[in-house]
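Welcome! Please take a moment with the sequence and the 3D view below, and then let us walk through some of the contacts together.

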Amino acid sequence: MSALADLIRAAGKGAALDDQAALSLAAAADLSLLLSAAARLRDSHHGERISYSRKVFIPLTHLCRDVCHYCTFARPPRRGEAAYLTPDEVLAIARAGADAGCHEALFTLGDKPELRYRVARDELARLGHATTIDYLVAMARRVLAETGLLPHANPGVMSADEIARLRTVSVSQGIMLESAAERLCQKGGPHWGSPDKRPHLRLATIADAGRLKVPFTSGLLIGIGETRAERIQTLLALRAQHRAHGHLQEVIVQNFRAKPGTRMAGAPEPDLGDLLWTIAVARLILGAKANIQAPPNLSPGTFPHLVAAGLNDWGGVSPVTPDHVNPEAPWPHLEALAAATHAAGKTLVPRLAVYPEYLLDGGRWIDPAVLPATLRLADAEGYARDDRWLTGTGGGVSLPAPRGRPAPAPLAAILDQASAGEALAEDAIVRLFAARGDAAHAVMAAADRLRRGVAGDSVSYVVNRNINYTNICYFRCQFCAFSKGKLSENLRGSPYDLGLDEIVRRSSEAWARGATEVCLQGGIHPEYTGETYLAITRAIRAALPGMHIHAFSPLEVWQGAKTLGLSLDAYLRELKAAGLGTLPGTAAEVLDDEVRRVICPDKVTTAQWLEVVAAAHTVGLRTTATIMFGHVDGYHHWARHLLRLRALQVRTGGLTEFVPLPFVASEAPIYLKGRARRGPTLREAVLMHAVARLALHPLVANIQASWVKMGPEGVALCLAAGANDLGGTLMNESITRAAGAEHGQELPPAAMEALIRGIGRTPRQRTTLYGEPPAGQVAASFAALPLAPVVNPPAVKYARKETRTLVRPGLESPSPAAE
């Protein structure tokens, strides 16, 4: 037995088991050893997380041509009872699920009842369909379109054509293999008289699904007369399918429950030890990355034991409908499930009907007709959005309360390293972004401790005015709802182009209202050159020598220099001489070209953005830095962004602050086309501020929270998670509102300070460079008169005055790799 024990220990450390080694586990009797090895293997990949899917159960029909001897779901026709749910009944169930916060519509039904029952054929004909699969496809399509729930279908044995048709209306499919033991289909066995339970037919369906790139669910039903060796053979058959196609997103270990009225009503049920043995063996055979599930309602009161056996998923849990397959076993209440999971040392995480690894590769695994609805429900890691908060809107502004568990040791080590000012590795930063539950609170608390040490309890802000001088732009940024060009005339607002007189008027009005800064940015008008930006700067400087000019993103600087044939250094020196004070570090979006090729392919590349900002620092112009996140990006992209900023700051020291800008989706073209998520979740948005504080410490002293993006309640959370600055009062704000945000155009000093004092902190009005503003300007800011109405003069309809090659830096020859 020592050889077997060594084998189990090695498997727990990640050693792959060949078929012969796996079969030897049938003799494993040391349950404690099995459980510890399986739990260790599970933790090596899944860590603290146990996932579940919030679902609604739609029993499309209880008719089935099979007669499994343990089943109460399938039943013969009953007089006066419809054979199928009607479309209205299906949609009523789905809508109730959507109202209860469900994401998944689980369609469960009998296998091909029309081949056995005339009543099924007749009713399908009345419904306008030839087969049960036809009707299922139609209902899944309507549920997806009318409720937004993601269908998962379990219709039994299917042909490749049927699987392909279902793929266009569902995010995943499944069929329980149950057992690979053919003998269970023989007379006297539980599958006698059930032609669709033949293992080779079910394996053929699983293989077809793999070839068609369908995320697929399968599993075992234990305790129906199979041996432990046969269970292992079933697991090996599933493993072979997954190795061939990579599509088995989860394997369920389901324990038989004896049900009155069935032929197996008196059969013994597997005990807890047998269930735990099977879960552990499944983990060791299928490996660390496998998603292994055991239904919690079938084993009440045993949750810590199930977790200890190596599972990482509870399956679908419904707050609305019963388990129609096991109606005697009610679902656990979600709060009770979360508490039990926490008691077992894990964090409960909601997922969708498709697992993260498949969603994140959605172009390969999810049909284009289904992917937009899936992205709307997903966070950046591919799990389900765990709140109803959306960037720029009210509502849903709260984080789950901590449950009191300290940060796990690996996370605590990362927090200690960051707090000491050490540079973090990319995978360490990813781990910080991935923190959930108590771990997320630990990250936020560590960031807030750093903030207190760096900035104290004051919260700074600047009185400024945003001036967006044109919304005409020839670039094709897929996230932008502000710009106007020939391809974006349907977006908000009419095209306009401010003259110098209006820019100066707005700047002068801002000065009279106490502003010390004007922030100027706009679209890249095809007629603008570097002289345009110089003229704007000179005009403001001549009229208002005391006003700080914070203007022109790295894209505008790149375009301006190119149109004048100047180097970046030379052009930046001209801007500085004209009166430019600092640059906003916008146009950064996400500093990773994998993302930029999707959202802004012709904009400056990562290396070009860094080149402009470094050049600005070299000539004595300091800049901010931003990130616009929550669309097609992931945690590893965010980590690379922060690491590139840290490396830049090490070289130049010119960054004044870091400004997270959560993506506003509702009017953004890429979201309307179904190619992006809905923006970050609230947890992700708050964590961006916290992780930035940790990853950039001690090099960047100021972390800013955008009240326009986060709203008053959201910035309060950020100020308790590492942020120390609220940016500007703005007076006017166009870009975020154009994308659909609702938080207004101005937060005057009195309102800004009330917000800050409301969370027990001390407000401090500042200048752009964090100095003290003139007393006269401070006084004026609190006595400001209302703004005069803003009029944006209509622009001439995109008329080109001269033929000139437009500057599109992202399409130029590749730049050197970004550091």
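## Charged pairs and the strands around them

Glu509 and Arg465 are joined by a salt bridge, with 2.7 Å between their closest N and O atoms; the term stands for a side-chain nitrogen of Lys or Arg within 4 Å of a carboxyl oxygen of Asp or Glu. Because Glu509 belongs to helix 19 (residues 500–512) and Arg465 to strand 11 (residues 464–468), the pair ties together parts that are 44 residues apart in sequence. Helices (H or I, at least four residues) and strands (E, at least two) are DSSP runs, numbered from the N terminus. Glu509 and Arg465 are both buried, where buried means under 20% relative accessible area, exposed over 50% and partly exposed in between (1.4 Å probe, protein chains only).

A word on the source: this is a predicted model, in which local features need pLDDT of at least 70 and side-chain atom pairs count only at pLDDT 80 or more, while totals for chains, interfaces and linings use all residues. Residues are numbered from 1 along each chain as its sequence is written, and side-chain values use heavy atoms, leaving out hydrogens and water.

| Pair | Closest N to O |
|---|---|
| Glu509 and Arg465 | 2.7 Å |
| Glu230 and Arg183 | 2.6 Å |

Glu230 and Arg183 form a salt bridge. This pair links distant parts of the chain, 47 residues apart: Glu230 is in helix 9 (residues 228–245), and Arg183 is in the loop between strand 4 (172–174) and helix 8 (199–211). Glu230 is buried at 11% relative accessible area, whereas Arg183 is partly exposed at 36%.

Now to strand 5 (residues 216–222), where seven of the seven residues are buried. On which sides is strand 5 covered? Both faces are: Phe216, Ser218, Leu220 and Ile222 are buried on one side, and Thr217, Gly219 and Leu221 on the other. Strand 5 runs parallel to strand 4, joined by two bridges (strands pair if DSSP finds at least two bridges between them). Strand 5 also pairs in the parallel sense with strand 6 (residues 248–255), over seven bridges. The chain crosses from strand 5 through helix 9 to strand 6 in a right-handed β-α-β crossover; right-handed says that, with the strands pointing away from the viewer, the path from the first strand over the helix to the second runs clockwise.

## Aromatic rings

Rings of Phe, Tyr and Trp (its six-membered ring) pair if their centres lie within 6.5 Å; planes under 30 degrees apart count as stacked, over 60 as edge-to-face and the rest as tilted. By this rule there are twelve aromatic pairs. The ring centres of Tyr469 and Tyr533 are 6.5 Å apart with planes at 50°, so this pair is tilted. Tyr469 and Tyr533 are both buried. For Phe629 and Trp638, the centres are 5.3 Å apart and the planes at 80°, so the pair is edge-to-face. Phe433, Phe629, Tyr635 and Trp638 form one aromatic cluster.
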